[in-house]
Amino acid sequence: MKKNQKIDELKKNIDNTIKIPLMVKEKENKSKKVKNNKVVHHPENQKKDKENSSILLAIIVLLLLITSYVIINKMISTENKPVAIADKKEKKGTSLSLNTKWITADDSMFYFDKEGNFYWYDDYTDKKDNYYDGTYTYKQGKDALKEMGYDEKEFLKVFGEKISEDRVYSLELTPVTAFIEGRDQSETFLPKGTKWWFILIIKSEGGAIAYNKTLDIRYHLESQ
């Protein structure tokens, strides 16, 4: 009975006790103080933040100025750079010239020797039949382009590849002999005053392209 009275007294005392809410204290931030739910910055930190922001902004502006200067100078240098027909550098082992023996896709051959004579063979494996020979003169580089009616920009636009200026030839061929089907048929195939205008363009990577403007025949050539 006494034990039950004591338990009842303890319950009564607990009900009459003032209840204090449980609070967890946050760690104090040295750079900030919390007051009325507002963040308060120290004046010193605010000054440092402004200084850092100013330095960062100055660096960004400086980088933008440098970048703009480089881009503008590059554009100016590109515009002022003269147009060149080709890169003078060639692949190793390419020593092609006008005097190379040139083979076409159907096995005919052109040859312009250093003495001013030219030869055309219908079949380069048989030089005793079906051939023309004669003499030639030529212009090279800018003179050849001028004769062809091109300036450098037009030439690049038409041919679409880099070709060295000194590898462009404009040739005037004067055929003398037409040896066809085992006999000389020059009078039949070569009327008096016959001349051919022949254009030869040697590519930097090897090979050449050619055009007989008089006969309107085009060729893709490889060296023998």
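Let's start with a pair of charges. E147 and K139 form a salt bridge, with their closest N and O atoms 3.3 Å apart. One caution before I go on: this is a predicted model.

How exposed are these two? E147 has 36% relative accessibility, so it counts as partly exposed. K139 sits at 41%, so it is partly exposed as well.

How many salt bridges does a search of the whole structure find? Three. So let's take the others.

Next, K195 and E172. Their side chains meet in a salt bridge, at 4.0 Å from N to O. This pair links distant parts of the chain, 23 residues apart. K195 lies in the loop between α5 (186–189) and β9 (196–202). E172 belongs to strand β7, residues 168–180. What about exposure? K195 is partly exposed, because its relative accessibility is 43%. E172 has a relative accessible area of 41%, so that residue is partly exposed too.

Now R218. Its salt bridge partner is D216, and here the closest N and O atoms are 3.1 Å apart. Is R218 buried or exposed? At 59% relative accessibility, R218 counts as exposed, because the cut-off for that is over 50%.

Which residues form a negative surface patch? They are D106, D107, D122, D123 and D126. Let me pick out one of them. D107 is in the loop between β3 (101–103) and β4 (109–112). Its relative accessibility is 40%, so D107 counts as partly exposed.

To recap: three salt bridges in the whole structure, and a negative patch formed by five Asp residues, D107 among them. Thanks.

Technical notes: Residues numbered from 1 in each chain as written. Predicted model: local features only at pLDDT ≥ 70, side-chain atom pairs only at ≥ 80, totals over all residues. Heavy atoms only, no water. Patch = residues over 30% accessible without salt bridge, like charges linked within 9 Å, V, L, I, M, F, W, Y side chains within 5 Å. Areas by Shrake-Rupley, 256 points an atom, 1.4 Å probe, with all protein chains shown as cover. Lys, Arg positive; Asp, Glu negative; His and termini not counted. Charge placed at Lys NZ, Arg CZ, Asp CG, Glu CD. Helix = DSSP H or I, 4+ residues; strand = E, 2+ residues; numbered from the N terminus. Buried < 20%, exposed > 50% of the residue type's maximum accessible area, 1.4 Å probe, protein only.
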